[in-house]
Amino acid sequence: MPKESYNDLIFQLGDLARDRLPGKPNCPRSMDRVYRAEEAVVARRDELAALEQEMNDEDAAYSDYLAELEAERARQGAIVKKWKKAVDAIDGKVKDLRKTLASRKADLRYAEDGLGKLEQKISDMELTGESPAKLEVARTNLKKNRLQQMRLGRELEDLEARLATALTPEPGQPGAAGILAHKRMLEMEDEAEERKLDHEHRMAELDQAIAAKEQQVQAAEDYLDQALFLLGEDVYAQRINDAQLAPFYPRLDRAQ
């Protein structure tokens, strides 16, 4: 018969002692470590479950949004189709404006991303004690980037106002209902793109948070295993009198 593993037996002893000894006068003080480790495991698992639920909720909310978007797109599309000639005439006039607007929106997103990275870089430089000269250059670049972002923002507002005016029919204008429906469909396209980016960004954040939390759960579980092992060693060292624990002692004597 192969020799039993001392470590396995000690762990089994500690695991059984966790159930047998709480509240008893002969309970080792190392049981407190087990309690704390169990609380940490429960807390980390609850936090992980909350993050996973948040991811599920975000995914469900986005699916609901897409369903609502399709329903409204169908309603507005039917109106646009009815007044196709009037819509085509307007669309031809705003086509270039919309392209410019889309390009400026992309420029603004890029500028915002670059600004955030530069702010983080300056913060890191301050923490690492970078030279004042390099810090001054970085701060000057930050001011320039902020001004550029502000200019882009103002240009974007102007383009959006011009597009909104172009897509707003005059009172009594033929095909006004179709033009307004077309305007709404263009707004939905922009909203859908923004919502998609926000959704993807949030899902990526949650995915990273879940991965980090899973590591914390694993670390907490490992610590609990260690606490049970140490409890087992204490029980064995004291040879605590218990009908279910006692059979382990001679087996551990042989396993050493």
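**Buried residues and nonpolar cores in a predicted model**

User: In which helix of this predicted model is His199 found?
Analyst: The model is a predicted one. The helix that spans residues 176–238 includes His199. The helix asked for is H5.

User: Is His199 buried or exposed?
Analyst: A residue counts as buried when its relative accessible area is under 20%. For His199 the relative accessible area is 8%. Because this value is under the cut-off, His199 is buried.

User: With which side chain does the side chain of His199 make a polar contact?
Analyst: Leaving aside neighbours within four places in sequence, His199 is in contact with Glu58, Asp59 and Tyr62. A polar contact of 2.8 Å joins the side chain of His199 to one of these residues. The partner in that polar contact is Glu58.

User: Why do the buried residues of helix H6 line one face of the helix?
Analyst: Helix H6 covers residues 248–255, and Phe248, Tyr249, Leu252 and Ala255 are buried in it. Seen down the axis of H6, these buried residues line one face because they fall within an arc of 125 degrees.

User: Which helices are included in what covers the buried residues of H6?
Analyst: One of the buried residues of H6 is Phe248, with a relative accessibility of 10%. Not counting residues up to four places away in sequence, Phe248 touches Leu9, Gln12, Leu13 and Leu16. Helix H1 spans residues 6–20 and is part of the cover over the buried residues of H6, as is H5. The helices asked for are therefore H1 and H5.

User: What distance separates the C-alpha atoms of Phe248 and Pro171?
Analyst: Phe248 and Pro171 are 77 residues apart along the chain. The separation of their C-alpha atoms is 92 Å.

User: Which element gives the most residues to the largest nonpolar core?
Analyst: This core has 22 residues, and those touching the most other members are Leu13, Leu21, Val34, Val235, Leu245, Tyr249 and Leu252. The elements that give two or more residues to the core are H1, helix H2 (31–82), H5 and H6. With seven residues, the element that gives the most is H5.

User: How many residues are in the second, separate core?
Analyst: In the largest core, Leu13 is among the residues touching the most other members. Beyond four places in sequence, Leu13 is in contact with Gly232, Val235, Tyr236, Leu245, Phe248, Tyr249 and Leu252. The second core is separate and includes Ala111, Leu152, Leu156 and Leu163. Its number of residues is 13.

Technical notes
Residues numbered from 1 in each chain as written. Predicted model: local features only at pLDDT ≥ 70, side-chain atom pairs only at ≥ 80, totals over all residues. Heavy atoms only, no water. Helix = DSSP H or I, 4+ residues; strand = E, 2+ residues; numbered from the N terminus. Buried < 20%, exposed > 50% of the residue type's maximum accessible area, 1.4 Å probe, protein only. Polar contact = N/O pair within 3.5 Å; in protein donor to acceptor, adjacent residues only side chain to side chain. Contact = heavy atoms within 4.5 Å. Arc of directions from axis to C-beta. Core = buried A, V, L, I, M, F, W, Y, C linked by side-chain atoms within 4.5 Å.
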